[in-house]
Amino acid sequence: MMIMKKKLGYGSLCWLTLLIYLQVAQADFFTYVEQFQLFLCTKQYAAETLCAVGGLSTYVARFVGQFFRLPFVGALVTASLLTALILLTQQLLERWTQRTYYLLPTLPVVGLLYVQLDPAYLPEGTWSYLFMLLALWQVTCYASPWVRLGIAVLWQTLLFGACGPVATLFAGMVLLTELLKDYKRGVCFLLLPLVAYGWGEFAL
């Protein structure tokens with residue numbers, strides 16, 4: 001119960017800190033980048049976007065981005081998204097190491113926050129990373145390594161279609177954790193990079 005309260009407090013602190021910083025220091029940034037994002041509420045646009053590699057993350061990012069012209073929305077969405085990444089990273093680290101971390105999960109998000117505030121950065125990259133972490137978390141729910149392998153191959157295929165190249169990062173993360181957990185069984189997870197290579201060749 002105490003650990004749960006600490007996690008809740010930690011998540012709330014991260015969210016509030018990000019929200020205040022983004023709203024106070026970066027409010028104009030969101031209205032600026034919204035001008036360069038095209039989103040059409042039509043079936044044709046949805047079909048063309050979603051059928052492309054990485055289309056789901058692109059569609060979601062552009063759908064949400066159209067509301068950034070409204071006051072407070074850009075900071076609220078971005079702070080919530082980055083906080084979700086922190087909490088998911090914390091959960092994954094806890095499952096892998098049986099320890100609870102508070103500072104370490106924030107490090108990847110610090111880097112993402114830096115690039116997120118670059119006008120040339122495409123926000124679908126952050127959404128893709130979120131979907132990748134969700135898939136990674138789901139894979140860790142299974143005790144059997146063979147079930148994890150099957151689920152990982154399935155998720156990798158879905159991630160490639162929905163989020164693009166982040167599927168390769170997913171394959172690398174799963175392979176690394178399995179090799180560290182049990183080297184002999186982990187070798188079987190070399191199938192994942194092969195699947196990533198196959199999908200890459202197919203897309204070309």
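In the predicted model, Cys-163 is buried, its relative accessible area being 6%. The cysteine sulfur closest to that of Cys-163 belongs to Cys-51 and lies 15 Å away, which is too far for a bond. Cys-141 presents another case: with a relative accessibility of 40%, this residue counts as partly exposed. For the sulfur of Cys-141, the closest cysteine sulfur is that of Cys-163, at a distance of 18 Å, again too far for a bond. A disulfide is a covalent bond between the sulfur atoms of two cysteines. A search of the whole structure accordingly returned 0 disulfides.

With regard to secondary structure, the protein chain comprises 11 helices and 0 strands. The order of elements along the sequence is α-α-α-α-α-α-α-α-α-α-α. The radius of gyration of the protein chain is 18 Å, close to the 17 Å that the globule rule gives for 204 residues, and the chain is therefore as compact as a globular protein of that length. Along the principal axes, the C-alpha atoms occupy a box of roughly 55 × 50 × 25 Å.

The packing of the chain was examined next. Buried residues make up 40% of the 204 residues in the protein chain. When contacts between residues at least 6 apart in sequence are considered, 70% of them connect residues at least 24 apart.

Helix α5, which spans residues 73-97, contains Gln-90. This glutamine counts as buried, its relative accessibility being 2%, under the 20% limit that defines the buried class. Apart from neighbours within four places in sequence, the residues in contact with Gln-90 are Lys-7, Tyr-10, Thr-100, Tyr-101, Tyr-102 and Pro-105.

Technical notes: Residues are numbered from 1 along each chain as its sequence is written. This is a predicted model: local features need pLDDT of at least 70, side-chain atom pairs count only at pLDDT 80 or more; totals for chains, interfaces and linings use all residues. Side-chain values use heavy atoms; hydrogens and water are left out. Helices (H or I, at least four residues) and strands (E, at least two) are DSSP runs, numbered from the N terminus. The radius of gyration is taken over C-alpha atoms; the globule rule is 2.2 Å times the number of residues to the power 0.38. Buried means under 20% relative accessible area, exposed over 50%, partly exposed in between (1.4 Å probe, protein chains only). Contact means heavy atoms within 4.5 Å. A disulfide is a pair of cysteine sulfur atoms within 2.5 Å.
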